[in-house]
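Trainee: I have a model open and would like to learn how to read it. Could we go through it together?

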Amino acid sequence: MTLAESWDRYAVGSKPRRTTNARGETTWLNWTQYPDHGPNERVLGPVAGRSVLELGSGVGSNLAHLVTLGATGVGVDVAPAREEKARQEWGHVAGLQFRTAEATAFLAATSETFDVVLSIFGAVWFVDPEKLLPLVRARMATGGILAFSHLPPGSQAPRPGKAGMRHDHTPDEWVHILGSHGFGDVNATVLAPPQGAEVATMLVRAVAS
Ligand SMILES: C[S@@+](CC[C@H](N)C(=O)[O-])C[C@H]1O[C@@H](n2cnc3c(N)ncnc32)[C@H](O)[C@@H]1O
């Protein structure tokens, strides 16, 4: 099975996101697997007028939120089913595009540059950072923000992706890895789960230097 087929298969079992969050908002950004939990888009700094790339954008709801705040957005996902669903959901939003592509292939081929790159349980988790980060850095403006989330290492939660596919690292490891690929001011935090849940979330933010 190809990577695209395997992620298309995963997409079939994914639960749709609620139409509104606890605050009654119809778009929002959520870094964790839990509803109404954790920081929001402020992690990225102001996004209005900025070009944003999401790697492994799924149905595009997080990216769509950033575009409603004034960003332009490109969502890249290897699974064709995701682009189809994302277009159904968010095709009406101006300044938002979705592309079916593997993240490294997209980055190697594009001539676009981005102010902000994010990945929420997305491609940054599933691609070897030694391959991915040089390609990401090459397409980012200096001073741009890279931010991503994933399950912390050793987490026993049910997990997407084939065994061995995840590239989850500790905060110290991320500081080192990102530092060796042209990123500084790395802030890597483990967010505690909400009450009653067990699995935390790793949230990493770095500046392209
Ligand atoms: C766990 S889902 C998360 C989706 C979305 N970010 C969210 O928060 O709902 C992981 C997504 O990353 C995509 N993905 C995994 N590896 C990828 C790669 N190498 N290139 C592009 N997309 C990838 C999958 O197709 C899937 O949609």
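**Contacts, burial and packing**

Mentor: Let's start with Ser57: setting aside neighbours within four places in sequence, Ser57 is in contact with Gly75, Val76, Asp77 and Phe98. Contact here means heavy atoms within 4.5 Å. Before we go on, keep in mind that this is a predicted model: local features need pLDDT of at least 70, side-chain atom pairs count only at pLDDT 80 or more, and totals for chains, interfaces and linings use all residues. Residues are numbered from 1 along each chain as its sequence is written, and side-chain values use heavy atoms, with hydrogens and water left out.

Trainee: Is Ser57 buried or exposed?

Mentor: The general idea is a cut-off on relative accessible area: buried means under 20%, exposed over 50%, and partly exposed in between, with a 1.4 Å probe and protein chains only. Ser57 has 8%, so it is buried. You'll find Ser57 in the loop between strand 1 and helix 2; helices (H or I, at least four residues) and strands (E, at least two) are DSSP runs, numbered from the N terminus.

Trainee: And what does Phe98 touch?

Mentor: Leaving out residues up to four places away in sequence, Phe98 touches Ser57, Gly60, Leu63, Gly75, Glu83, Ala86, Arg87 and Trp90. Phe98 sits in strand 3, residues 96–100, and counts as buried because its relative accessibility is 6%.

Trainee: Where is Leu69, and which residues is it in contact with?

Mentor: Leu69 is in the loop between helix 2 (61–68) and strand 2 (72–77). Beyond its neighbours within four places in sequence, Leu69 is in contact with Glu41, Val47 and Ala48. At 35% relative accessibility, Leu69 counts as partly exposed.

Trainee: How do I read the packing of two helices?

Mentor: Helix 1 (residues 3–12) and helix 3 (residues 80–90) pack at about 50 degrees, with axes 7 Å apart. Angles under 35 degrees count as roughly parallel, over 145 as roughly antiparallel, 65 to 115 as roughly perpendicular and the rest as oblique. Helix 1 and helix 3 are therefore oblique to each other.

Trainee: Which residues meet there?

Mentor: Ala4, Asp8, Tyr10 and Ala11 in helix 1 meet Pro80, Ala81 and Arg82 in helix 3.

Trainee: What should I look for in backbone angles?

Mentor: Most residues other than glycine have a negative phi. Asp36, in the loop between helix 1 and strand 1 (51–55), has a positive phi near 55 degrees. Asp36 is partly exposed, at 44% relative accessible area. Phe121 also has a positive phi, near 50 degrees, and lies in the loop between strand 4 (114–120) and helix 5 (123–126).

Trainee: How many helices and strands are there in the protein?

Mentor: The protein has 7 helices and 7 strands, and from the N terminus the order is α-β-α-β-α-β-α-β-α-α-β-α-β-β. Of its 209 residues, 49% count as buried.

Conventions
Axes are lines fitted to C-alpha atoms, for helices over the stretch in contact, and angles run from 0 to 180 degrees between N-to-C directions.
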